[in-house]
Amino acid sequence: MNPALEVTDLTVAYHDKPVLWDVDVTAPAGILMAIVGPNGAGKTTLMKAILGLTPVAAGSVRIDGKSYTQQRQRVGYVPQRGSVDWDFPTNVVDVVTMGRYGALGWFRRPGRREVDLAMHALEQVGMHDFAQRQISQLSGGQQQRVFLARAIVQDADIYFMDEPFQGVDATTERTIVTLLKQLRGDGKTVVVVHHDLQTVAEYFDWVTLLNVQCIASGPVGQVFTEENLRRTYGGRIAFVERDALATGGMALRSFAPAATAGGAD
Amino acid sequence: MDLGQLLHSLFFDYTVRTVALGTAILGIVSGMLGAFAMLRRQSLLGDAISHAALPGVVLAFMITGLKAPLVLMTGAAVAGVAGVILVIGVSRHTRLKQDAALGIVLAVFFGFGLMLLTFLQQNPDARQAGLNHFLFGQAATLMERDVLVMALFGGAALAVLGLFWKEFKLLSFDREFGATLGFPMSWLEMLLTFLLVIAIVIGLQAVGVVLMSAMIVAPAAAARQWTDRLGLMVGLSGFFGAVAGVTGTAISTLAGGLSTGPVIVLCISAIALISLLFAPRRGVLWTEIRRRRQHAELAMVLKGGRP
């Protein structure tokens, strides 16, 4: 079986400065993968490069064995919430319906069927009652759930989500986690740019540690180790609680004093 | 002239009717396309395009020796497109940001156009007379063939807008998401900008290159105040543009000597001002009242009372 996502030797440069350098990431189908790394590590750039939104200097991306342009209809995308103008004159159900535009193709307008799909997706994220709400009147968490609903109606096989947990309320966080598990249950693959190291092991199966280069990528149990985190973040990772790390328990004990010492600064 | 006479002439006086029809068309087209320009934060691009069109108008005349509307509009459109390409080129290939690129292109093209105009005016050839009307516009010179060309091109631009409605909405709200859906966003962006060029070009004769940007920005700004729905906003923006066009024509007819273009621009500015101040929910007055009420309620709560 082909891996759901296979990134090979990916390099992205901005004004001659490498933002991503020779990145290799492989993810099997049906997993939830987090991409973590410090600010400026290139997490969003990696996602945009995979989706063809950022020109790449070198490297290739395969989705289920084929190029991204061939697989476009099978790929769903949740951009960063802050990337759009929420004062745009439109309502919630209209934004969610945009997730069907790709399947509709040129010129065809969304109809009854698209609205029904949108309403169903809104139910899944607990935003059914907000369908007619003007989008400028939503809280940050509600905006995020609208974007998730828009991705649900895309009915993709692999999803890319850029910081969906960023600045959301507890309800939204729970909704996202439930949704991620549901997507995985349906055999879908989800790649998430994530910033909260504490919840990586709890929410995800796989993790990619990124800092311009790919430091490590694989099952959380194998690669989400203090050693790898230290290589990714330098000295700034001490705040990760021991039990949030993959190796947890006994194996980590020996590292604990170092982590505590680091936590002082 | 009293109001009854005015209404009578709007409908039955050939000249007044032609001018009113022309300014209404320009108001509708620039209003509707201006709405998209505003939502995409490209209002200033409209200003650059209209100024950049001036040398195109003059050059078109110099090359062909004709003042037919189609010839001059084509020249204006070519120069407008060249201006846009230059803005994009400068902001992409230099470290200058888009606002600087807009300013440069606007000034350079407009200055070049002015230079060509003065050069022509030193010429004994009288045929160039009237070209300087493109500076501030002269709606009174609109003739049936001008209005016909405006209607034809404006109508075509609006038809394309309707055809690509869903795609343009996607482009305006979430360009990158649209790109992942497989829509060629750069191409759509060029198409929408080209429609904006058309909207500007058909208005130049009546309103002029200097004031045309008001017809792009003001109707859209006014319309946004009254609705939260894209379709309604675009429609309302076109309606405001048309109202300003006809009202401006009427006022300048009444007042005799007033030139129509600036009066139209003042009309649309008045509509925009009223909308910004008094529109429910988004208007200045409304937000101020709400702010005061919240203050009062907060003060009550802090004092231990119930709001």
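How many residue pairs are in polar contact across the interface of chain A and chain B? The rule finds 15, both residues being at pLDDT 80 or more; a polar contact is a pair of N or O atoms within 3.5 Å, and within protein one must be able to donate a hydrogen and the other to accept it, while residues adjacent in sequence count only if both atoms are side-chain atoms.

This is a predicted model, where local features need pLDDT of at least 70, side-chain atom pairs count only at pLDDT 80 or more, and totals for chains, interfaces and linings use all residues. Residues are numbered from 1 along each chain as its sequence is written, chains are lettered from A and ligands numbered from 1 in the order written, and side-chain values use heavy atoms, with hydrogens and water left out.

**View 1. An open sheet in chain A.** Four strands (DSSP runs of E, at least two residues) line up as 2-1-4-5 with antiparallel pairing; strands pair if DSSP finds at least two bridges between them. Strand 2 (17-27) and strand 5 (66-67) stand at the edges with a single partner strand each, so one side of each has no neighbour in the sheet.

**View 2. Strand 1 meets strand 4 in chain A.** Here residues 5-14 and 58-63 pair over five bridges. Look for A:Val7, whose bridge partner is A:Val61.

**View 3. Salt bridges between chain A and chain B.** The rule finds six (a side-chain nitrogen of Lys or Arg within 4 Å of a carboxyl oxygen of Asp or Glu) across the interface. A:Asp85 forms one with B:Arg41, their closest N and O atoms being 3.4 Å apart.
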